[in-house]
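Subject: Structure handover

Hello,

Here is the structure I said I would pass on. My notes on it follow below.

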Amino acid sequence: MAYIARDMPEEKSILLRMRGRVQGVGFRPVVFRLAHELGLRGWVRNDAAGAEVALAGRGGDIAKFRAELPGRLPAAADIQSVEELSAPAELPAGFEIRTSAAPDGARVAGILPDLATCPDCLREILDPKDRRYRYPFANCTHCGPRFSIIEALPYDRGNTTMHAFRMCPACEEEYRDPRNRRFHAQPNACPVCGPSLSWMRADGTVLEVRDEALRAAAEAIRGGWIAAVKGIGGFHLMVDARDGGAVRRLRERKKRDEKPFALLFPGLDSIRAACEVSAAEQEWLESQAAPIVLLKKREGAALAREVAPGLPWIGAMAPYTPMHHLLMRELGFPVVATSGNLTDEPICTDNDEARARLGGIADFFLAHDRSIARPMDDSVMAVCGGEPVMMRRGRGLSPCSMPMAGAPDGWVAAGAQMKSVVALTAGGNAVMSPHIGDLDHEGAVRLWERAVNDLAGLHGLEPRAAAADLHPGYASTQAAAEWGVPVAGVQHHHAHIAACMAENGLEGPVLGIAWDGTGLGTDGTIWGGEFLVCTRRDFRRAAWLRPFPLIGGDASAREPRRAALGVLREMGSGHPPPGFSRAELAVLDGMLREDFNVVRTSSAGRLFDAAASLLGVCQKMSHEGQAAMRLEALAGEAEAPAYPFGWRGAALDWAPMIEAMLSGGEPPAVAAGRFHATLVEVMGAAAKREGLRDVCLSGGCFQNRRLLAGAWRRLREEGFRVWSHREIPPNDAGICAGQLAVALARA
């Protein structure tokens, strides 16, 4: 933040209220040192909304303080605003760090995510002469746990799960020394006084402790065993990623048939040996967030085929805690590091809970005694055209705040049913929770309720109003109705586009292209291939993909062959539907004739499923999005001409494309490429027909990097300004932000 020095009186005293990310990042130590350098009196302390700095001294020195502070800030700090007030009447003779102000009203200080190990801490744990040599919980003001250990604001040790560990004299000295980088580092600890590791069986029998526990875990993984390893946000299940038998065993026990596993590598060099890594991807891998990054796998990479069956991408991450650094240095090869849960259940965080829930999956447990305040899966993202595409915000990237100027505190957005995330307005921001998961599982619904209470409790707020999806069957919509506050219903695809608008600071009108798998439309049908003219307040459905029937309810979302059947029957095509027996076809055609358990949909996601089925890519899915991912992988990166398409009133007709695809006799990879190219042309045609300059892209289909890059290129060629997501996911995890944007605009 820039400051302009003006002529000031020789003696002055002021109070600066700083708002933004100023807690848990080493902000107070920086202020302390700068004030001492300039000979200023006063104090700095955390408060419920950020931090306060009281200064007294010569006007020129105060001006210099304000000018130099932005350049001195730690990398993770971010001052969003500064308010200047009159200083208290009495200030101390020197400058000091004071105890945090008692919360009064809403607590809206920016909360920092957990930060990956900094170079200084890494050096220490690898130095045999350092007192933290091989200590798996080393941290400082530049790195370590934050959001995962915070129980209340302001961010002080007593308000974190570290309150159970009393600092030893050596740690206390570091904590009190303004020249030390651990000055007021709230999770500060060492082998004498901090958390420690245990290696145990599922029955709780402890086999090893401390460093020997870590070495035992490495030996077990090397031997092909499955280890449950407790990290910052929960447990991972780990096996040797080179060992196909071990990976298959994990899939069988976890009940995860083909969904790709994320991999943890020893470091960047080992990631490069297995994957292609661009400069932008490397920057994310080495960032303080250290997310999982989707990378293109190299031919001949020494990884088991079972890691990501049928896909050319690997979800890769680098070590992000001292424990992970030490473990991976012991191993020297990549490991599967997947969430510690059965498929679709929330991740385990508590040691006893983990042994109970994961005892049938893991052979051994590497646990520690620092409590986790809230579960957090790893963040997942990709890079497209040098820009980030967020797919899941969790550890390292949560909580996420988006400015919503003028928003009253205490409005809650319930989010969607799939990839659920909730949001709360606090201090003029929409604060979004970490990834919760799909609310089809009872455990995820409990986690959703906990996330709402957690966000509200952290900020000292009670829900005053709510926004929720129009679908009455969503668990989030049903729960919001029970809060006893006014609830605004927001159409699913309007929320998608409003989220993109809010993220990019747009008021509209814009043309919103909202493409996903499913969302209840205002006409009672299932939408998902929408072209909406939107402001934040309202929308008009300008165009859509030609609807077709889905036969069999929820089963149609899991079986691409049913989408293919619906497409062929809508066209009146005599082409044989793939993947069915005669008996199955007779039943489904009977249901279609009787209009029994049949819905009509304009869904782009289901159109992807139909194409994948017709091209023989996937007939039944073992996980959401599998067919579309395989179709994108099949298409590769080669250029391909578009198929023909047409209009039927306001509906964009895909039938000419499907007819050409079925009669063209092209290799499936060429047809998949042409399918993607056609959808890009469809977007361009709809945008030109409507004529609005600003076009927003949102919805789960825009996780497809070929589709997204093609849309950017084609729409910009036609002169449109194209807006998409960078900070929040385009999938249903971003819905909560759009729900708030719409509800606030209407209010």
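Helix α21 (residues 705–717) has 13 residues and spans 18 Å from its first C-alpha to its last, close to the 18 Å expected at 1.5 Å a residue. That expected span is 1.5 Å times one less than the number of residues. Helices (H or I, at least four residues) and strands (E, at least two) are DSSP runs, numbered from the N terminus.

Before going further: this is a predicted model, in which local features need pLDDT of at least 70 and side-chain atom pairs count only at pLDDT 80 or more, while totals for chains, interfaces and linings use all residues. Residues are numbered from 1 along each chain as its sequence is written, and side-chain values use heavy atoms, with hydrogens and water left out.

Helix α21, continued

The buried residues of α21 include R705, L708, W712 and L715. Buried means under 20% relative accessible area, exposed over 50% and partly exposed in between (1.4 Å probe, protein chains only). Just after the helix, G719 has a positive phi of about 90 degrees.

Strand β19 (residues 411–413) runs antiparallel to β20 and is joined to it by two bridges; A413 stands opposite A423. Four bridges join β20 to strand β21 (residues 429–432), again antiparallel, and here T425 stands opposite A430. Strands count as paired if DSSP finds at least two bridges between them. β20 and β21 make a hairpin with two residues between them, and G427 in the turn has a positive phi of about 60 degrees.

Aromatic rings

There are twelve aromatic pairs in the structure. Rings of Phe, Tyr and Trp (its six-membered ring) pair if their centres lie within 6.5 Å; planes under 30 degrees apart are stacked, over 60 edge-to-face and the rest tilted. The W199 and F364 pair is stacked, because the ring centres are 5.1 Å apart and the planes are at 25 degrees. This pair links distant parts of the chain, with W199 in strand β6 (residues 197–200) and F364 in strand β15 (residues 364–368), 165 residues apart. W199 counts as buried at 4% relative accessibility, and F364 does at 17%.

W515 and F531 form an edge-to-face pair, 6.0 Å centre to centre with 85 degrees between the planes. W515 lies in strand β24 (residues 510–520) and F531 in strand β25 (residues 526–534), 16 residues apart. W515 is buried at 0% relative accessibility and F531 at 1%. Ring pairs also link F32, F95 and F183 into a cluster.

Arginines

R251 lies over the face of F261, 4.1 Å from the ring centre, and R374 over the face of F147, at 4.3 Å. A charge sits over a ring if NZ of Lys or CZ of Arg is within 6 Å of the ring centre and within 35 degrees of the ring normal.

R674 is in helix α20 (residues 668–690) and counts as buried at 16% relative accessibility. Leaving aside residues up to four places away in sequence, R674 touches A640, P641, A642, Y643 and E666, where contact means heavy atoms within 4.5 Å.

Regards
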